[in-house]
Amino acid sequence: MIGAGVFGHLSDSKLGRKGSLTAVCILNAIFGCLTSLAPDYSTYLLLRFVTGFSTGGVGLCSFVLATEPVGPTKRGVAGMSTFYFFSTGIALLSGIAYIFPSWRALYVASSIPSILFLVLVVPFISESPRWYLVRGKMNEAMKIMRTIANANGHHLPDGVSLALDDEANDASNGNQIWKAATVEKEAISGSIVDVIRSPITRIRLFLAVGINFTCSVVYYGLSLNVVNLETNLYLTVLLNAVAEMPAFTITAVLLDKFGRKPLAIGTQWFSAIFCFMGSLTGNVGISKVIRMCCGLLGIFGMAGTYNLLFIYTAELFPTVVRNAALGCATQAAQMGAILAPFVVILGGGFPFLVFGVCGLIGGMLASYLPETLNKPLYDTMTGLEEGELA
C-alpha cells in the first residue's frame, strides 16, 4: 500500500515509468531472496514489509508503461492483454508452491522472475514518450515516436515534435496538432494534491478509490476464501487463476463495444449475484460444489472488473498525475486486501454475503464515473479541463 503511493509519485516525477519499474524489480528480487534467510520472526516481518513496499509499485508502473504509447482504439485490448500474465503467474505459483513446500525455498523461487525480468526484458523497454513530453524532453519523446513508427512500417517527417494537449488546444481551438519545435521545455509536474484541488479529478479520484477498495475486498477475499471451501488448496488456487483468464478475453472484446462504464458496473454486479448465491448455500455434499462454483464465477466477474479498473483509472487522469492517481487507487485496493482476510476468517456463508454487498456498492459507485471510450489520454491538468469542458 505504501509502495504504491511512493512509486506512483516517483514514476510521475523524477524516476519515470521505466526507472521506477527497474527500481522496484531490483528491490523485489533482493528483499525476496533475503526473506528466505530470515533468522527470526521480527526480521521476517521487516523483510516482508520492504518486499511489499517494492511490490506495490510493480503493477502500476508496468501497466502505465505498457499502455501510455497505445492509441485510444487499441488501448483497451492492449491493457487487458497484460493481465493474462498476472493470472498465469498465480497459476504457476500454485505449481511452484507444490514443488517447493518449504517457505524459504518458495521465497527464492518466487524472486527469480524479477531477476530474469531485469536481465531479459528491461534493457529492451523504452521510457514512455508521454512522460518525456510532460518532463519537457521533446527530443527523447520524438526518438521513441520515430522508433514506434518505424516498427509499424511508417515514418515521421523531419523537423517536427510533439505538443502538449493544452498547447495544441490553444493553437488549434481544441484540435491536436504536430508542433514544429524540437527545443527542450520546462518540465510540468503534478501531485495527488493537484488531483484533489481540481473539481473534475477530485470526484473521479474519490470514486476510483471507493470502487478499488470494494473490488479488492471481493477479489482477494474470494481468492483467500478457498480455505473455507475445504478443498485442495493448490488445485483451488489454480482453478481461480484459470477462471480469471476468460474474463480478460470477454472484457477485452466487450470493452470497445459497450465502453468502460457499463462493463465496470456489469462485471461487479455479475460477481455480486453469485456471491449472494454462495452465501445461501451450505458446505456439505452437492452444496459444497455449488458454493465452489459460485466462488469461481464470482472471481470470474471481479477479475474482469479488477483489471478493467487499471485501464479506466489510467484514462480518467492526465499524464502528469496518472501514476500518482493510479497509485492512490492501488493503495485503496491494498486496504481492501488487508481487510479481506478478516472477512474470510469469519467462515460460513457470511464472507460471501460481504463480498456480494461490496460488489453491489462498487457497481453503484461506477455509475457516477464518466465514460472514457475513444477519448484521448490528456497530458496536463489544463488540457484535461479544457478537453472535458469543450
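1. Confidence by element. This is a predicted model, and within the protein chain the helix with the highest confidence is α18 (residues 350–366), at a mean pLDDT of 94. The lowest value belongs to helix α10 (residues 165–172), with a mean of 58.

2. Confidence overall. The mean pLDDT of the protein chain is 84, and 92% of the residues reach at least 70. Residues 174–182 fall below 50, yet this stretch makes 25 contacts in the model beyond near neighbours in sequence. Where pLDDT is low, predicted coordinates should not be read in detail.

3. Nine residues of domain 1 and five residues of domain 2 take part in their contact.

4. Buried area. Domain 1 and domain 2 bury about 510 Å² between them, and carbon and sulfur atoms account for 58% of this area. On the domain 1 side, the residues that lose the most area to domain 2 are S13, E68 and P69, which together make up 59% of what that side buries.

5. What links the two domains in polar terms? Three residue pairs are in polar contact across the interface of domain 1 and domain 2, while the count of salt bridges between them is zero. Helices α1 (2–12) and α2 (16–35) each contribute at least two residues to the face of domain 1 that touches domain 2. That face comprises two nonpolar, three polar and four charged residues.

Key:
Residues are numbered from 1 along each chain as its sequence is written. This is a predicted model: local features need pLDDT of at least 70, side-chain atom pairs count only at pLDDT 80 or more; totals for chains, interfaces and linings use all residues. Side-chain values use heavy atoms; hydrogens and water are left out. Contact means heavy atoms within 4.5 Å. Buried area is the accessible area (1.4 Å probe) that two parts lose on being put together, summed over both. A salt bridge is a side-chain nitrogen of Lys or Arg within 4 Å of a carboxyl oxygen of Asp or Glu. A polar contact is a pair of N or O atoms within 3.5 Å; within protein, one must be able to donate a hydrogen and the other to accept it, and residues adjacent in sequence count only if both atoms are side-chain atoms. Helices (H or I, at least four residues) and strands (E, at least two) are DSSP runs, numbered from the N terminus. Ala, Val, Leu, Ile, Met, Phe, Trp, Tyr, Cys and Pro count as nonpolar, Asp, Glu, Lys and Arg as charged, and the others, Gly among them, as polar. pLDDT is the predictor's confidence in each residue, from 0 to 100.
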